[in-house]
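Welcome! Please take a look at the sequence and the 3D structure below, and then read on for a short tour.

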Amino acid sequence: SDSRLIIGTGNVIREYCSINRGTPHGVGVTSLGDDNWVMAYCHIAHDCQVGSHTIFANNATLAGHVEIHNFAILGGFTGVHQFCRMGEGSFSAIAAIVVKDVPPFVMVEGNTARARAINREGLKRRGVDTDVISKLKHAYKTLYRRGLTLQDALTQLKTDAGDCAEIAQLVNFIEESERGIVR
């Protein structure tokens with residue numbers, strides 16, 4: 001069968017991890033980018049696409065066809081349902097069960113996962129400007145705390161985005177979601 005597993009450079013993959021190659025009926029490729037830290041007992045199923053600079057704590061598990069974007073962090077025992085996406089810089093707390101897309105820069109917790117906050121600490125560690133973090137915090141409140149419908153929140157976020165690439169990225173991710181986002 002024509003299927004592959006592509007693993008980039010600088011990855012740390014600890015003991016007892018399983019990473020399955022792609023399937024001919026999927027995208028045919030499972031990929032793991034560069035400089036990822038995959039701790040013990042993690043599972044990355046067929047046709048998953050994992051970016052770079054991610055962290056998978058012990059026993060984090062991805063079903064098939066999952067996308068994990070750059071700088072995402074999965075807490076221990078996180079489970080991600082098939083076809084879900086976790087956006088850039090997103091964060092899942094311990095034992096989170098993700099059944100919908102997690103937007104960029106958002107922290108989730110629980111079974112099933114619900115949004116908790118913006119991943120402020122992760123953004124600070126990456127050196128993101130405090131003004132951008134403030135704008136993202138405001139965007140989070142618009143999306144999750146003001147009681148707006150998703151469409152009304154997106155309309156407001158597009159207005160607020162201005163020249164903030166991170167908010168534009170957030171909006172784009174949500175608009176591309178096929179499963180819906182955690183809410």
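## Overall build

How many helices and strands does the protein have? There are four helices and 17 strands, where helices (H or I, at least four residues) and strands (E, at least two) are DSSP runs numbered from the N terminus. The radius of gyration, taken over C-alpha atoms, is 16 Å, close to the 16 Å that the globule rule gives for 183 residues, so the protein is as compact as a globular protein of that length. That rule is 2.2 Å times the number of residues to the power 0.38.

This is a predicted model, in which local features need pLDDT of at least 70 and side-chain atom pairs count only at pLDDT 80 or more, while totals for chains, interfaces and linings use all residues. Residues are numbered from 1 along each chain as its sequence is written, and side-chain values use heavy atoms, leaving out hydrogens and water.

## Two helices meet

Helix α2 (residues 130-144) and helix α4 (residues 165-176) have axes that come within 9 Å and cross at roughly 35 degrees. These axes are lines fitted to C-alpha atoms over the stretch in contact, with angles from 0 to 180 degrees between N-to-C directions. Val132, Lys135, Leu136, Ala139 and Leu143 in α2 meet Glu166, Ile167, Leu170 and Ile174 in α4, contact meaning heavy atoms within 4.5 Å.

## A look at Asn36

Now find Asn36, in the loop between β4 (29-32) and β5 (37-38). Asn36 counts as buried because its relative accessibility is 1%; buried means under 20% relative accessible area (1.4 Å probe, protein chains only). Leaving aside residues up to four places away in sequence, Asn36 touches Gly10, Asn11, Val12, Val50, Gly51, Ser52, His53 and Thr54.

Technical notes:
Buried < 20%, exposed > 50% of the residue type's maximum accessible area, 1.4 Å probe, protein only.
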